[in-house]
Amino acid sequence: MRRLGELEAEIMDRLWAWQRPTTVREIVDDINDHRPVAYTTVMTVASILYNKGWLLRAKEGRAWVYSPVRSREEYTAALMEDALSTSEDRSAALTHFVEQMGPEEVSALRKALRAAGRRTQS
């Protein structure tokens, strides 16, 4: 999986944060608070994200509303899996990754591993 482009990430960030179906106009207005972007540019990129399977869209009146197919966490996990798959020694790569974690992240990882273990035992 490739990382999202800059504008793709900006659009997805808003949709993930807002957690509701959103129009292109709402996204454009919010981005324009920080930098200028054309409505047609955002509309094109939202359409591309829809065609790539990242967004759902539905007609609401005359406008399309968009919502993410996957959560930010699912996207992050897929990126991590993709990065890990580039290593010839996944175990060593994981070890280096864990060694860079802080105590809170290690605790969260332990909790996730326990939960995954319970799911595989069921």
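Visitor: Is Arg 20 buried, partly exposed or exposed, and at what relative accessibility?

Guide: Quick background: this is a predicted model, where local features need pLDDT of at least 70, side-chain atom pairs count only at pLDDT 80 or more, and totals for chains, interfaces and linings use all residues. Residues are numbered from 1 along each chain as its sequence is written, and side-chain values use heavy atoms, leaving out hydrogens and water. Buried means under 20% relative accessible area, exposed means over 50%, and partly exposed lies in between (1.4 Å probe, protein chains only). So Arg 20 counts as partly exposed, at 36%.

Visitor: Which residue forms a salt bridge with Arg 20?

Guide: A salt bridge here is a side-chain nitrogen of Lys or Arg within 4 Å of a carboxyl oxygen of Asp or Glu. The closest N and O atoms of this pair are 3.0 Å apart.

Visitor: How far apart are Arg 25 and Asp 29 in helix H2, counted in helical turns?

Guide: These two also form a salt bridge, with the closest N and O atoms 3.2 Å apart. Helices are DSSP runs (H or I, at least four residues), numbered from the N terminus. H2 covers residues 24–32, and the pair sit four residues apart in it, so their separation is about one helical turn.

Visitor: Which residue does Arg 90 meet in a salt bridge?

Guide: Arg 90 is partly exposed at 36% relative accessibility. The N to O distance in this bridge is 3.1 Å. The partner, partly exposed with a relative accessible area of 41%, is Glu 81.

Conventions:
Helix = DSSP H or I, 4+ residues; strand = E, 2+ residues; numbered from the N terminus.
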